[in-house]
Structure formats: structure tokens, C-alpha cells
Amino acid sequence: MDELDRNILGLLGGDARMSVATLARRLKVARSTIQARLERLETTGMIAGYTVKLGEAARQGRIRATVLLTIEPRAQAGILTRLKAVPEVERIHTTSGRVDLLLQLAAPSTTQLDIVLDHIGEMTGVKSSESLIHLSTKMDRAV
């Protein structure tokens, strides 16, 4: 990946709907060059897809939380399978710190979030959990 690829990804990270023509104009290269680069970035997995990034207005009806899980040794595979079946679980990350898994949840109400947190805490192999409710987003650079 070279600087042109990084610039393409940077522009698309800000606006995934940007046309090939606009990318070419902004980066001062031929449209065919941009098209070829996009195809290569997609084929190699650098670009996994194009999506809509919801703004705060769209997220207002959802309560978001981060959950830190400590699990029993060798329980990860089973816990991951069960967590993937919970629709409120948006993301699951493994970590290298004091906890084993970091989850991102979203629910329509605190009542539903409470039910989901109880369900996760009761899963076989979960030793402990800590939940952090998201209040507001001050910055989001995630691509």
C-alpha cells in the first residue's frame, strides 16, 4: 500500500459515496488509475465494503454501552458463539489487558440493555463483567 492508496482510503473514510471521478479529480490522477486501485484494495481485503455511518441523530433512540468481560480459560469459543447470537452485540474485540473481551452493545432502552447485560453475565464461562454506558460522542474518527 502506497501513499495514493492511503489517500484513497482517507477520502472514502470521510465519504464512502465519493465517486471515482471525484476521487480522481481530488487526487489528480486518471479515473482508470483510481478504478484499478479500488479493485485491488477490494480484492486484497483492504476495503471490505462501503457503508453508511450513522450520525448522532440516528443513534438517539439507542442506548450504547461497552462491556468488559473476564472469562474462564478455554471458554472463549463457546462464549463467542453465544454472543454472536445476541442482536444487541454490535462488536466483539479480544484484548491484551486485564479483561479478555470488549463488547459494544446497543439497545433501544435501558430496560432492554439491563436484560442483555444480565443475559451476558449469566453465560457459562463468564467470570465477571463491567459495563460502561456511552453518554455522548465527542469525536469519532473510526473508518
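A nonpolar core is here a set of buried Ala, Val, Leu, Ile, Met, Phe, Trp, Tyr and Cys residues joined through side-chain atoms within 4.5 Å, and buried stands for under 20% relative accessible area, with exposed meaning over 50% and partly exposed the range in between (1.4 Å probe, protein chains only). Helices (H or I, at least four residues) and strands (E, at least two) are DSSP runs that are numbered from the N terminus.

L103 is in contact, meaning heavy atoms within 4.5 Å, with A65, T66, V67, L69, L83, R91, I92 and I120, once its neighbours within four places in sequence are left aside.

## Basis of the model

This is a predicted model, in which local features need pLDDT of at least 70 and side-chain atom pairs count only at pLDDT 80 or more, while totals for chains, interfaces and linings use all residues. Residues are numbered from 1 along each chain as its sequence is written, and side-chain values use heavy atoms, with hydrogens and water left out.

## The chain as a whole

The protein chain has six helices and four strands, and from the N terminus on its elements follow the order α-α-α-α-β-α-β-β-α-β. Of its 143 residues, 31% count as buried. Among contacts with a separation of 6 or more, 62% come from residues 24 or more positions apart.

The radius of gyration of the protein chain, taken over C-alpha atoms, is 20 Å, whereas a compact globule of 143 residues would have a value near 15 Å by the rule of 2.2 Å times the number of residues to the power 0.38. Along the principal axes, the C-alpha atoms fill a box of roughly 55 × 35 × 25 Å. The accessible surface comes to about 9600 Å², and 51% of it belongs to carbon and sulfur atoms; the areas are computed by the Shrake-Rupley method with a 1.4 Å probe, and for residues only the protein chains shown count as cover.

## Helix 2 and its cover

Helix 2 (residues 20–27) has V20, T22, L23, A24 and L27 as its buried residues. Just after helix 2, K28 takes a positive phi of about 60°.

## Salt bridges around R37

A salt bridge is counted where a side-chain nitrogen of Lys or Arg lies within 4 Å of a carboxyl oxygen of Asp or Glu, and by this rule there are six salt bridges. In one of them R37 pairs with D5, with the closest N and O atoms 2.9 Å apart. Because R37 lies in helix 3 (residues 31–43) and D5 in helix 1 (residues 3–14), this pair ties together parts that are 32 residues apart in sequence. Both partners are covered, since R37 counts as buried at 19% relative accessibility and D5 counts as buried at 1%.

The side chain of R37 also makes a polar contact of 2.8 Å with the side chain of D2. A polar contact is a pair of N or O atoms within 3.5 Å; within protein, one must be able to donate a hydrogen and the other to accept it, and residues adjacent in sequence count only if both atoms are side-chain atoms. Not counting residues up to four places away in sequence, R37 touches D2, L4, D5 and I8.

## Salt bridges around E90

E90 forms a salt bridge with R62, the closest N and O atoms being 3.0 Å apart. R62 lies in the loop between helix 4 (56–59) and strand 1 (63–71) and E90 in strand 2 (residues 89–94), so the pair ties together parts that are 28 residues apart in sequence. R62 is partly exposed, with a relative accessible area of 31%, and E90 counts as partly exposed at 33%.

E90 also forms a salt bridge with R64, where the closest N and O atoms are 3.0 Å apart. This pair links distant parts of the chain, with E90 in strand 2 and R64 in strand 1, 26 residues apart. R64 counts as buried, at 15% relative accessibility. Elsewhere, salt bridges that share partners join D2, D5, R37 and R40 into one network.
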